[in-house]
Amino acid sequence: MLFGTTPKDLKSCNTVEGLAHLLGTDYNSLGKLLYGKKTLYRAFDIVKKSGGVREITTPIPSLKVLQRKLKDLIEPFTSHREAAHGFIRKRGVLTNATRHVGKKHVLNTDLEDFFGTINFGRVKRLFESSPFELSSQVATVLAQIVCYKNRLPQGAPTSPIISNMIAFKLDGNLTSLARKAKSTYTRYADDLTFSCHSSMLLEKNGIIKFDKDNKAIAGKELVAIIKSNGFEINHQKTRLQSRGSHQGVTGITVNEKPNVSRTFIRKTSSILYAINRWGAEQAEEEHFAKYRRGYSPPRAQLRRKKKPGDLILKMVKGQVNYNRMIRGESCPVYRKLAYQLTIALGCPNEDLNKDWRSWIAESTFIVDNVEDICQGSCVLIKDIGFVSNQHVLNSITKSNFTANVTICDPYDYSRKYPLISLLKMSIEKDIALIDAGVHALSLRGLEVAESPNYKIGTKVIAIGFPNHTEGTPPTILDCKIIGRTKWHHEPRIKVDSNIHHGFSGGAVVDLDGKVIGIVANGTAVGAPKAADNLFIPIETVAQYA
């Protein structure tokens, strides 16, 4: 590097001077910050769910700015295993838990002192090795920027990304072990989870073993792999959960679908009740006295003193939003809690108080095809667009679409949605995809179910417009899944309710209001014989899109 020039990226940093320039500072200022007398971190406690407190060490503002810049510089050189879900864009507790839904056995364990185990030497070696391959001097300074008291601090912006890079080999080793046991492995920070349908395979491959009380504990092979990667297993947090009992992964219930626990919903509901009954200030006092044993961290104490009631409002708002993240915006439980929250905040939202089925139906529309003199249904799905059936748009092409097809409001046919276009259609799959254009911003699209349940007996809801007349609401059918079949070699799900002409292209949603399919087959008007009532599974639609 020439004197005074800035390296193009972190890997190009040959000197500490170059590193300083890349971080937006200079050699002297960096040295003064790292080696001066100023204390670089402050510590505070947070209450753990299991009781007790956890100490968090967070950097002072000037160091935090450097760490955030460094994090952005590290990002282009990172790659993640499929098993890793913590601190990664578009992944999180929900994607982590979803991988384990519907399994017979779920094994949870924990890495002891995860960040603390990653010491200065390991961090320095990370920067000295591929993909960075930096000099010892530069790697040492980088380790000094991100470490505190010879370890990764839990509150630094750089700790999550560095810990994932350190654990990259661990994830690969444990994924290979899981494959041998025909099981699924994921990691969220220090939480490790295996799931499968055979505990015998877990035992055979050394993932678990059973003690004298027939309790599952960490197996020899699992412990050995974790130790060889420089970590220690937390045996106290190792537990095997089997079907028939509650199965939880990173706080999310995974027995049949990703869900929040009933206890969590009850606690959220009781806090909202207390706020709306006695006011936020009194509810806050009661909550901390009863459930936190009177303890609150120093920052929380200051906040409670300056703005009484504000802390519990923020806390319950977070709980309601968490429920929304897991169960979806159209979930009736979420909507009930969200409505109570708007009351607590002094701005009641009556839209949340609507019947949730009617609310979902607002994302289903009329499709009018004048070329084939045909009317059907379509649904707006988030990140996909309008979806209907190919047979609803039978003779339509991209060139004649605009002149012959309209999507309109069922309550007012004159209210049409222009500036739309046909994306593509499949006769074999019986799917038509329509670009929603600007309407994707103004209309609410339904969310796709992460792990749809198509088991026989599962209750679902079909929404569409059979034999519709202007100004009337949609038809909403309560259905049960009765089996699977094929239609022109394409997968279909059977339901027990009669689906009539005009329902084609309507939405099929689960009881959380998430889309699990598109209505495709039913009985035509005047047909002498009833046909099977079928819908296209949402996976088929998503793959085609």
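Let me start with a rule: rings of Phe, Tyr and Trp, taking the six-membered ring of Trp, form a pair if their centres lie within 6.5 Å. Planes under 30 degrees apart count as stacked, over 60 as edge-to-face, and the rest as tilted. By this rule the count here comes to 13 aromatic pairs.

Two ground notes before I go on. This is a predicted model, where local features need pLDDT of at least 70 and side-chain atom pairs count only at pLDDT 80 or more, while totals for chains, interfaces and linings use all residues. Residues are numbered from 1 along each chain as its sequence is written, and side-chain values use heavy atoms, with hydrogens and water left out.

Back to the rings. Phe87 and Tyr188 form a tilted pair, 6.1 Å centre to centre, with 40° between the planes. Phe87 lies in the loop between α3 (61–74) and α4, and Tyr188 in strand β4 (residues 184–188), so this pair ties together parts 101 residues apart in sequence. Helices (H or I, at least four residues) and strands (E, at least two) are DSSP runs, numbered from the N terminus.

Buried means under 20%, exposed over 50%, and partly exposed in between, with a 1.4 Å probe and protein chains only.

Next, Tyr185 and Phe194. They make a tilted pair too, at 5.2 Å and 40°. Both are buried: Tyr185 at 3%, Phe194 at 0%.

Which residues do ring pairs link into a cluster? Phe87, Phe114, Phe115, Tyr188 and Phe231. The charged end of Arg122 sits over the ring of Phe231, 4.7 Å from its centre. Arg81 does likewise over Phe168, at 3.9 Å. The test is NZ of Lys or CZ of Arg within 6 Å of the ring centre and within 35 degrees of the ring normal.

Now salt bridges. The structure holds 18. Each is a side-chain nitrogen of Lys or Arg within 4 Å of a carboxyl oxygen of Asp or Glu. One of them joins Arg357 and Asp478, with the closest N and O atoms 2.6 Å apart. Arg357 lies in helix α17 (residues 356–361) and Asp478 in strand β19, so the pair ties together parts 121 residues apart in sequence. Arg357 is partly exposed, at 24%. There is also a salt-bridge network, linking Asp351, Lys354, Glu362 and Arg444.

Strand β19 takes us to the strands. β19 (residues 475–487) pairs with β20 (residues 490–495) in the antiparallel sense over six bridges. Strands pair if DSSP finds at least two bridges between them. Arg484 has Ile493 in β20 as its bridge partner. The two strands form a hairpin with two residues between them, and His488 in the turn has a positive phi of about 55°. β20 also pairs with β23 (residues 534–537), antiparallel, over two bridges. There, Lys494 stands opposite Leu534.

Last stop, helix α15 (residues 310–327). It has 18 residues and reaches 26 Å from its first C-alpha to its last, close to the 26 Å expected. That expected span is 1.5 Å times one less than the number of residues. Its buried residues include Leu311, Met315, Gln319 and Arg327. What covers the buried residues includes α12 (262–278) and α16 (332–344). Just after the helix, Gly328 takes a positive phi of about 100°.

Notes. Contact means heavy atoms within 4.5 Å.
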